[in-house]
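Have the viewer open as you read.

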Amino acid sequence: MTVNTKPILTLEDHENPIITPDDHTNPILNPEEQQWLLIHLQDCVHLDSQLKKQHFTTVASYPLAPSRRPAGGVIRYNEFMTTPPSNPSQTSRKAIAIDCEMVGVMGNRRELAFLVVVDLLTGEVLVNHFVHPTNTVRNWHTRWSGVTCADMKAAVRKGVAIKGWKVARAMLFEHMDSRTILVGHALHNDLNVLGIIHSTVIDTAILTADAVYKPLAKPFRRTWSLKTLANELIGYKIQRGKNGHSALEDTMATRSVLIYCTRSPLKLEAWADKARGEEPVQHEEPIQSDDSEW
């Protein structure tokens with residue numbers, strides 16, 4: 001993916017930031033804008049009660065059944081780790097966006113096969129690697145994962161594949177601590193395949209669904225796919241090829257969608273109004289998501 005190095009317009013009014021349409025797909029923020037965004041992101045972090053409703057693994061999840069696993073996962077609850085506390089000897093990022101791609105292993109379970117980590121404020125790519133599964137792969141699910149057996153073998157042969165989900169988790173922890181704002185789309189899936197418990201979270205699936213349903217004071221009936229949000233909010237067309245998802249493209253899209261929603265709340269509200277009209281809420285219906293791994 002080619003990274004756009006065009007700088008965005010200088011922020012003259014922090015309450016009404018202005019950006020051009022081209023900037024929505026890969027906004028480049030100057031230091032002043034980064035600070036403004038970080039302050040506003042802190043107000044977007046989800047409450048623990050909301051994360052539990054959206055299937056996030058929390059500290060309270062595993063003492064009840066430590067040997068069990070989240071649905072479809074290979075990692076047991078007693079193998080999960082909370083994000084490390086702040087360490088003066090380590091410079092952690094203030095906010096990062098991640099995306100994981102998974103493959104199918106024994107028992108119709110999912111295991112991590114690709115990890116992307118991007119600094120949310122700067123757009124710097126910190127990790128962009130294949131992850132060699134610890135279990136035998138039964139289905140590469142390339143249509144969704146974008147990962148093929150040949151690509152994985154080549155990455156392993158060249159020594160550029162991360163050796164399993166535990167090493168991938170440790171690599172992620174090199175860039176974050178418990179105070180880092182972690183961003184993703186349907187992020188509970190990513191955290192479950194990394195075996196991570198983290199409570200400082202912004203999920204663009206939750207953020208946008210909340211914009212639609214909060215005025216109705218009713219639970220989510222559904223969430224919107226990243227592909228839909230990127231297209232409808234910022235005109236960013238992703239997941240168009242026949243070779244599956246690109247984890248890097250999806251991570252950049254998640255970053256761009258979140259920055260757009262934070263900087264343009266009135267436009268997010270207008271989108272939510274339109275979505276409410278197209279998706280009549282029926283309180284009795286369960287949550288449905290447009291984002292499935294396969």
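What follows goes through the structure topic by topic.

First, the ground rules: this is a predicted model, so local features need pLDDT of at least 70 and side-chain atom pairs count only at pLDDT 80 or more, while totals for chains, interfaces and linings use all residues. Residues are numbered from 1 along each chain as its sequence is written, and side-chain values use heavy atoms, with hydrogens and water left out.

Start with the aromatics. A pair of aromatic rings is described by the distance of the centres and the angle of the planes. Here, rings of Phe, Tyr and Trp (its six-membered ring) pair if their centres lie within 6.5 Å; planes under 30 degrees apart are stacked, over 60 edge-to-face, and the rest tilted. A search of the whole structure turns up five such pairs. In one of them, Phe 114 and Phe 130 have ring centres 4.8 Å apart and planes at 75°, so they meet edge-to-face. Phe 114 belongs to strand S3 (residues 109-119) and Phe 130 to strand S4 (residues 125-130), so the pair ties together parts that are 16 residues apart in sequence. Helices (H or I, at least four residues) and strands (E, at least two) are DSSP runs, numbered from the N terminus. Both Phe 114 and Phe 130 are buried; buried means under 20% relative accessible area, exposed over 50%, and partly exposed in between, using a 1.4 Å probe and protein chains only.

Now hop over to the tryptophans. Trp 224 and Trp 271 also pair edge-to-face, at 5.5 Å centre to centre with 75° between the planes. Trp 224 sits in the loop between strand S9 (222-223) and helix H8 (226-234), and Trp 271 in helix H10 (residues 265-278), so this contact ties together parts that are 47 residues apart in sequence. Trp 224 is buried at 5% relative accessibility, and Trp 271 is buried too, at 8%. Together with Tyr 213 and Phe 220, they form one aromatic cluster. There's a charge here as well: the charged end of Arg 222 sits over the ring of Trp 224, 4.1 Å from its centre (the rule asks for NZ of Lys or CZ of Arg within 6 Å of the ring centre and within 35 degrees of the ring normal).

What about helix H4 (residues 149-157): which of its residues are buried? They are Met 152, Ala 154 and Ala 155.

Asn 108 has a positive phi of about 60° although it is not a glycine. You'll find Asn 108 in the loop between strand S2 (95-105) and S3, exposed with a relative accessible area of 64%. Ala 217 is another non-glycine with a positive phi, this one about 55°. Ala 217 lies in the loop between helix H7 (204-213) and S9, and is exposed at 73%.
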